[in-house]
Protein chains: 2
Amino acid sequence: MSELVRVAVDAMGGDNAPEAVVQGVVDALNASKEIEVLLVGDQKTVEKCLAGAQYDKERLQVIHASEVITNNEAPTVAIKKKKDSSIVVSQRLVREGKADAFVSAGSTGAVLVGSQVLIGRIRGIERPALAPLIPTTKGFSLLIDCGANVDAKPSNLVQFAKMGSIYMENIMGRKNPRVAIVNIGIEEEKGNALVKQTYPLLKECKDINFIGSIEAREIPNGYADVIVCEAFVGNVILKMYEGVAGALMGKVKETMMSSLKTKIGALLIKKDLKKTLKAFDASAYGGAPMLGLKGLVVKSHGSSNAKEIKQSVLQCIAFKQQNISGKIAETITIDKKTTAGSEEKPAAE
Amino acid sequence: MSELVRVAVDAMGGDNAPEAVVQGVVDALNASKEIEVLLVGDQKTVEKCLAGAQYDKERLQVIHASEVITNNEAPTVAIKKKKDSSIVVSQRLVREGKADAFVSAGSTGAVLVGSQVLIGRIRGIERPALAPLIPTTKGFSLLIDCGANVDAKPSNLVQFAKMGSIYMENIMGRKNPRVAIVNIGIEEEKGNALVKQTYPLLKECKDINFIGSIEAREIPNGYADVIVCEAFVGNVILKMYEGVAGALMGKVKETMMSSLKTKIGALLIKKDLKKTLKAFDASAYGGAPMLGLKGLVVKSHGSSNAKEIKQSVLQCIAFKQQNISGKIAETITIDKKTTAGSEEKPAAE
């Protein structure tokens with residue numbers, strides 16, 4: 001049997017922490033014998049949650065962390081001040097090689113900023129990217145980047161396209177994934193300065209299946225597997241998913257409650273409709289990988305339940321076994337060799 | 001009685017032209033005695049559509065235009081080459097003062113580009129903006145800019161905020177409209193370079209009710225009346241509305257047809273649901289004004305029906321009577337006086 005995948009999990013992060021996180025970890029341990037979890041948080045609280053649970057105790061270790069970073073704190077400040085927080089302690093475990101991956105449903109800012117600073121980027125990667133899976137009518141696509149670093153350069157976007165492509169092919173099993181760049185029209189000459197500069201660079205890439213521009217209207221229809229954009233635009237796309245779907249479903253519910261007739265109708269379709277809507281909830285995919293770091297970081301959404309934490313933890317197995325970080329590093333190294341004199345600078349490490 | 005409002009209407013533009021356009025114009029003439037329409041297009045075709053219709057013939061004139069610009073043509077080329085197209089002829093009528101406003105459901109690019117070149121900007125306006133109304137759970141908001149000019153400057157966005165505010169207050173009757181800038185967080189320090197530079201400028205404006213940043217998630221909830229953003233982002237927002245709503249409703253329909261039980265349920269709520277969804281269709285508002293030009297230009301969406309054309313035409317009455325262009329010019333002039341040494345350059349005219 002191959003070496004165990006060691007995952008540091010932030011027990012204190014998320015709306016349903018620590019209970020849902022601990023439960024998710026227990027379920028993950030029972031679902032796979034290939035992982036080992038370092039559960040990071042207040043020892044007493046975590047042990048209380050673990051009491052009575054059935055799991056392989058050899059593969060779970062509680063690591064004490066006395067502090068918690070909240071969503072209301074400025075990430076850069078929190079990371080520096082709260083050195084004994086569950087997030088910072090977990091990130092240090094990855095940096096020191098004691099863990100392969102880090103899963104957290106806590107403060108997105110602290111996870112992103114801290115991981116970049118404490119875990120560090122893969123050599124050659126200019127900027128790591130947060131890449132959530134978003135639902136489409138055909139399944140799901142990867143939206144890269146939705147992180148906290150805005151105003152990207154064309155070379156950043158090219159790296160996003162490659163990292164996203166590697167992830168979708170190796171982790172999600174999407175063969176020869178179609179890569180598209182978000183644009184306001186499908187013609188090559190369309191776009192803002194960033195897109196116009198990035199488009200020809202993507203066209204030249206031999207290691208991705210670049211299919212051109214995608215208009216935002218087509219994103220939910222699943223016309224591409226990897227959707228490349230700058231983080232400001234990525235954030236807008238992700239939040240429009242949530243906003244439009246939420247507003248629309250609120251209206252649908254109102255309509256269903258508007259008369260006796262519609263109420264009866266609602267009773268007949270309610271259960272099936274709920275299932276449909278869940279499949280189209282952008283937050284349901286839970287674990288968004290942060291790509292380009294020396295270890296895997298999975299940001300689970302704030303309202304994650306046990307099932308979502310479990311999935312985030314299990315995702316780490318394929319990431320390690322498929323050697324995603326190694327594959328990313330390799331692609332970047334090849335680029336360095338073939339594009340001597342490019343603008344890229346090695347990442348500060 | 002005040003002077004009639006003269007509206008040039010592109011009879012040949014849109015998926016349902018010329019029939020729906022002509023019908024919309026006839027309906028508008030019957031709905032208001034305050035307008036006069038110059039119907040621009042192939043004389044014979046237009047007259048055939050008009051045959052038998054009841055309306056005040058004194059207030060309708062057919063202006064012959066032998067050419068039509070299609071959606072497949074590059075706007076800048078088409079505007080130059082097809083000087084006798086319904087779009088260009090209409091725009092010339094506005095430039096020459098023979099019409100106060102121009103309504104078209106034709107090529108968005110040709111309408112935008114041509115209007116800027118042929119009608120010209122209000123003195124002091126750096127960039128005109130296309131500002132569609134978008135549906136929210138509370139009614140509608142104005143999204144400015146969704147035009148074809150991307151990579152805006154902070155001073156452009158400030159002008160968008162002011163023009164949008166004047167429009168919402170005077171045409172849509174929204175008192176003291178709340179103005180917000182699209183951002184990836186609500187804190188003042190959040191955002192890309194453009195938003196960070198624009199935010200303090202908007203805060204300083206005494207003639208608008210600036211309420212800060214709005215996250216895309218909150219746009220459909222109607223938390224602001226005027227939503228300011230750069231055109232690339234505006235396009236993404238508008239098209240995500242369409243894309244998410246379309247995909248989601250497709251899924252809802254699929255669910256409703258999935259079993260006998262759900263089919264019966266669907267029968268009971270179908271009619272009400274359809275009404276709800278129509279109210280939440282971003283394209284339903286039809287006429288998006290292009291603000292900052294010397295005359296009003298209303299871009300009706302491509303699939304406009306007679307009712308939407310009628311509304312677009314009638315919208316021009318308030319625009320003229322409320323002297324929106326004058327009010328915009330006035331605000332900009334005041335700005336010029338109080339911000340001597342600013343970056344703004346007078347528009348080339």
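Against which elements do the buried residues of α7(A) pack? They pack against α6 (154-170), β8 (178-183) and β9 (209-215) of chain A, together with α8 (231-256) of chain B; packing here rests on contact, meaning heavy atoms within 4.5 Å.

Some conventions come next. This is a predicted model, in which local features need pLDDT of at least 70, side-chain atom pairs count only at pLDDT 80 or more, and totals for chains, interfaces and linings use all residues. Residues are numbered from 1 along each chain as its sequence is written, chains are lettered from A and ligands numbered from 1 in the order in which they are written, and side-chain values use heavy atoms, with hydrogens and water left out. Helices (H or I, at least four residues) and strands (E, at least two) are DSSP runs, numbered from the N terminus.

Let me return to helix α7 of chain A, residues 193-204. Its buried residues are A:L194, A:V195, A:T198, A:Y199 and A:L202, where buried means under 20% relative accessible area, exposed over 50%, and partly exposed in between, with a 1.4 Å probe and protein chains only. These residues lie on the same side of α7(A), because they cover an arc of only 125° around the axis, taken from the directions from the helix axis to the C-beta atoms. On the face turned away from that buried side, α7(A) carries the exposed residues A:K203 and A:E204.

I turn now to a sheet in chain B. Five strands form an open sheet with mixed pairing, in the order β6-β7-β10-β8-β9; two strands pair if DSSP finds at least two bridges between them. At the edges are β6 (133-136) and β9 of chain B, each of which pairs on one side only.

Which residue of β9(B) is the bridge partner of B:A180? That partner is B:G212. Strand β8 of chain B, residues 178-183, runs parallel to β9(B) and is joined to it by 6 bridges. Strand β8(B) is also joined by 3 bridges to strand β10 of chain B, residues 226-228, again in parallel. There, B:V226 in β10(B) is the bridge partner of B:V179. As for burial, 5 of the 7 residues of β9(B), residues 209-215, are buried, so this strand is largely enclosed by the rest of the structure.
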